[in-house]
Amino acid sequence: MQAFLRCAAPVYKILDTLRNVLIVLIFGFIIASGALAIFLRYMPNLRGLPWIDEVLRYLNIWVVFLGASVAIKNGSHLSVDYFVKKLFSARTVAFIRKLTLIVILICLSILISASTKRFLSSLNVVIQAAPISIAVFYLAIPVGCLLLFLDYLLILIFGEHPFRTPDPEKDGR
């Protein structure tokens with residue numbers, strides 16, 4: 001397993017960096033263009049950007065799916081396991097956790113398949129406000145779910161994410 005991690009680490013680092021850069025760029029565009037649209041809306045004799053509201057709504061899909069995979073990697077998603085830990089032994093809790101991860105991976109597989117079909121069927125459809133294919137925004141779902149699948153698979157195999165960013169508050173550093 002250590003040999004696999006040594007080989008996978010540089011590839012995952014590139015993927016993680018690309019994911020983080022995309023989140024920053026998309027979110028930066030959302031903030032800047034949203035602020036510009038608000039500014040133009042209240043300025044007399046200036047036309048607003050009619051396409052911006054629709055595009056910003058769709059770009060949020062990218063931010064959500066990419067951000068969800070970052071949260072999985074860092075162990076930041078909400079987890080309600082109080083009763084499971086109180087009612088079951090540590091061995092049973094570990095089994096329930098693995099079973100939960102397998103169910104999540106199956107659901108993500110179904111979602112990847114369905115959203116890829118939806119993406120492919122919408123390649124020639126454009127959004128109402130601008131000549132941009134809706135497929136660009138639908139692509140966020142299979143890409144985001146694929147990243148989630150990868151992160152959950154790593155957690156299933158290794159027990160915790162092997163490339164998790166250390167949290168100084170949790171790790172006591």
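**Entry 1: S115**

I started with S115 and found it in helix 4. I kept in mind that this is a predicted model. Is S115 buried or exposed? Its relative accessibility is 8%, so I put S115 down as buried; the cut-off for buried is under 20%.

Next I looked at what the S115 side chain reaches. I found the backbone oxygen of I112 at 3.3 Å. Then I looked up which residues S115 touches, leaving out those up to four places away in sequence. I noted I141 and P142.

**Entry 2: helix 4**

I moved on to the helix that holds S115. Helix 4 covers residues 90-121, which is 32 residues. I checked its length against 1.5 Å a residue. The helix should span 46 Å, and I found its end C-alpha atoms 46 Å apart, so the two values agree.

Which residues of helix 4 are buried? I listed V93, L101, L105, L108, I112, S115 and F119. I112, whose backbone oxygen the S115 side chain reaches, is itself on this list.

What do these buried residues pack against? I wrote down helix 3 (82-87), helix 5 (135-138) and helix 6 (140-158).

**Entry 3: G28**

I then turned to helix 1, residues 2-41, where I found G28. Its relative accessibility is 33%, so I logged G28 as partly exposed. That class lies between the 20% and 50% cut-offs.

Last, I looked up how far G28 lies from Q2. The two are 26 residues apart along the chain, and I noted 37 Å between their C-alpha atoms.

Notes:
Residues are numbered from 1 along each chain as its sequence is written. This is a predicted model: local features need pLDDT of at least 70, side-chain atom pairs count only at pLDDT 80 or more; totals for chains, interfaces and linings use all residues. Side-chain values use heavy atoms; hydrogens and water are left out. Helices (H or I, at least four residues) and strands (E, at least two) are DSSP runs, numbered from the N terminus. The expected span of a helix is 1.5 Å times one less than its number of residues. Buried means under 20% relative accessible area, exposed over 50%, partly exposed in between (1.4 Å probe, protein chains only). Contact means heavy atoms within 4.5 Å. A polar contact is a pair of N or O atoms within 3.5 Å; within protein, one must be able to donate a hydrogen and the other to accept it, and residues adjacent in sequence count only if both atoms are side-chain atoms.
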